[in-house]
Amino acid sequence: MNRLKEDLNYLEEILEQAKLTGIDFLAQLEKLSTSPLAGEVKPSKDLPEGGGALDALQLFKAYYQQLITASSGPRYWGFVTGGSTPAALMGDWLCSVFDQNPQSVSLNGDISAHIEHETIKLMRRLFNLPDSFNGSFVSGATLSNFTGLAVARQWAGEQLQHNIAADGMLPGIKVLSANPHSSVLKSLAMLGFGRNQLVQVKSKPNTESIDLDDLESLLAMYQDSPIILSASAGTVNTSDFDDLLAITQLKKQYKFWLHIDAAFGGFAACTPKYAGLLKGWEVADSITIDGHKWMNVPYDSAIAFVRHEHQNLQIQTFQNSNAPYLGNPATNFSFASTVPENSRRLRALPAWFSLIAYGREGFKEIAENSIQLAQQFGDFIAQSENFELLVPVKLNTVCFTLKHKKEQVDLYLDTLNKLGKVYLTPTVYGGQRCIRAAFVNWRTSEKDLEIAEEAMQQAYNTCFKA
Ligand SMILES: Cc1ncc(COP(=O)(O)O)c(C=O)c1O
């Protein structure tokens with residue numbers, strides 16, 4: 001206990017050391033390896049007597065710090081991995097300092113819940129989404145897809161006069177999608193639909209976007225069942241968008257719940273040139289947006305938008321029915337009744353800081369920079385002797401392969417990633433194992449393209465010309 005009291009006395013020094021550690025890391029970010037280093041990972045000490053926070057920091061530095069990769073840096077193009085803007089970082093640090101658990105404005109005047117509502121409002125403005133969407137922060141797009149699809153499931157039950165959240169799952173609900181992100185399938189598994197029960201809609205030739213004729217015939221075929229359509233606004237390989245406007249036309253004729261996974265593609269709304277890709281999304285029933293991707297706020301952050309008119313279904317799904325201390329979920333709006341988690345950190349704060357600090361113009365700049373760099377990188381691939389572009393660059397991802405060594409993608413990636421200059425991940429497109437790069441980090445610049453392209457050539461020579 002003395003240690004704790006002592007640490008409280010040294011709080012300023014402790015925070016100062018944390019700050020210096022952070023500054024040091026961020027100053028090195030562009031030079032740090034993008035891949036795990038081949039170093040010895042020391043096993044943790046046995047649970048010690050406890051030497052206080054500064055002692056823990058020293059130990060952390062000795063054990064782990066030098067092995068931390070630059071996954072938040074400008075040349076980590078694997079998965080869809082964003083970084084942190086300075087303002088987001090500030091908000092995130094303060095989020096831990098304040099250590100709030102946003103729940104309900106009406107129940108206890110909770111200012112942190114108010115901040116979350118305000119941040120959601122600002123996000124709606126950024127995306128030009130109408131106020132008819134409620135939003136709640138969750139830990140990532142996986143949980144956001146889960147939340148949207150959970151409310152969809154409740155809606156589907158209602159179509160059959162059955163309260164699924166109260167009384168259990170029903171068979172016969174049809175979930176349709178063309179190229180869902182793996183997290184949609186994971187959500188179907190968690191929600192009791194079963195991941196193998198997805199009704200696969202065809203894709204338009206040479207794209208990952210939905211074939212509207214096939215969709216319409218499936219909608220017509222299943223009209224006697226409740227239907228949930230999980231549409232994509234930005235697929236991971238090719239950044240394809242389902243034709244949302246056409247889908248909303250189908251919504252006039254056929255009854256279905258429209259969920260849109262716009263985890264990163266939603267940020268197309270920030271650029272006048274690409275905002276049209278999202279036309280129609282304002283009539284969706286639920287939308288997924290990630291914060292820790294193109295928004296560049298630290299992990300973990302995403303928003304689950306659900307139309308206000310479905311609030312009762314959302315509350316039925318997520319309410320705590322035996323916790324009087326949480327108030328009446330029907331009369332006191334509480335985030336504990338809108339998402340899977342009851343307790344959550346004030347995730348809205350990093351997003352709020354970033355939105356206020358950079359505004360519409362800042363997010364336009366981030367999106368346009370990524371798109372421009374993706375296009376430049378795509379040009380490099382298209383003109384290269386060694387690589388082949390598999391699809392034209394449509395937004396911020398580049399999907400390509402080795403022109404003459406298609407079977408050697410894994411060997412090549414392994415060699416490239418070990419150089420630590422740029423990080424790329426494999427994928428499968430059109431049944432073919434290939435490579436993709438995703439541009440979302442606000443710090444990425446043309447200089448990074450040069451460094452990456454040089455490393456790619458070096459790895460190529462090592463693999464195939466030695
Ligand atoms: C389109 C899409 N949806 C969902 C996800 C899952 O996101 P998260 O890892 O934040 O849960 C991703 C992640 O890459 C994605 O690209």
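User: What makes the space of about 1000 Å³ the largest pocket rather than a cavity?

Analyst: On a 1 Å grid over the protein atoms alone, a pocket is an open set of points with protein on both sides within 12 Å along at least five of seven lines, whereas a cavity is a set where a 1.4 Å probe fits but cannot get out. The largest pocket holds about 1000 Å³ of space, a volume being the space filled by probe spheres set on grid points that are joined across faces, edges and corners. Of its 34 lining residues, those closest to the centre are Ala-18, Gly-22, Leu-26, Leu-89 and Trp-93; a lining residue has an atom within 4 Å of a point. This is a predicted model, in which local features need pLDDT of at least 70, side-chain atom pairs count only at pLDDT 80 or more, and totals for chains, interfaces and linings use all residues. Residues are numbered from 1 along each chain as its sequence is written, and side-chain values use heavy atoms, with hydrogens and water left out.

User: Which helices supply the lining of the largest pocket, and how do its residues divide by class?

Analyst: At least two lining residues each come from H2 (11-28), H3 (53-63) and H4 (86-98). The largest share, nine residues, is from H2. Helices here are DSSP runs (H or I, at least four residues) and strands are runs of E (at least two), numbered from the N terminus. The lining has 19 nonpolar, twelve polar and three charged residues. Nonpolar covers Ala, Val, Leu, Ile, Met, Phe, Trp, Tyr, Cys and Pro, charged covers Asp, Glu, Lys and Arg, and polar covers the others, Gly among them.

User: What makes up the lining of the second largest pocket?

Analyst: The second largest pocket holds about 570 Å³ of space. Its lining has 29 residues, and the closest to its centre are Pro-180, His-181, Ser-182, Ser-183 and Val-236. By class, nine are nonpolar, 15 polar and five charged.

User: Why is H7 called oblique to H9?

Analyst: Their axes are 9 Å apart and the packing angle is about 50°. Axes are lines fitted to C-alpha atoms, for helices over the stretch in contact, and angles run from 0 to 180 degrees between N-to-C directions. Angles under 35 degrees count as roughly parallel, over 145 as roughly antiparallel, 65 to 115 as roughly perpendicular and the rest as oblique. The angle therefore makes H7 oblique to H9.

User: What makes H14 oblique to H15?

Analyst: Helix H14 (residues 409-419) and helix H15 (residues 446-465) pack at about 130°, with axes 9 Å apart. That angle makes H14 oblique to H15.

User: How do you know the largest cavity, and which residues line it?

Analyst: A search of the whole structure finds one cavity of 30 Å³ or more. The largest cavity has a volume of about 40 Å³. Its lining consists of Asn-320, Leu-326, Gly-327, Pro-329, Ser-334, Ala-336 and Ser-337, divided into three nonpolar, four polar and no charged residues.
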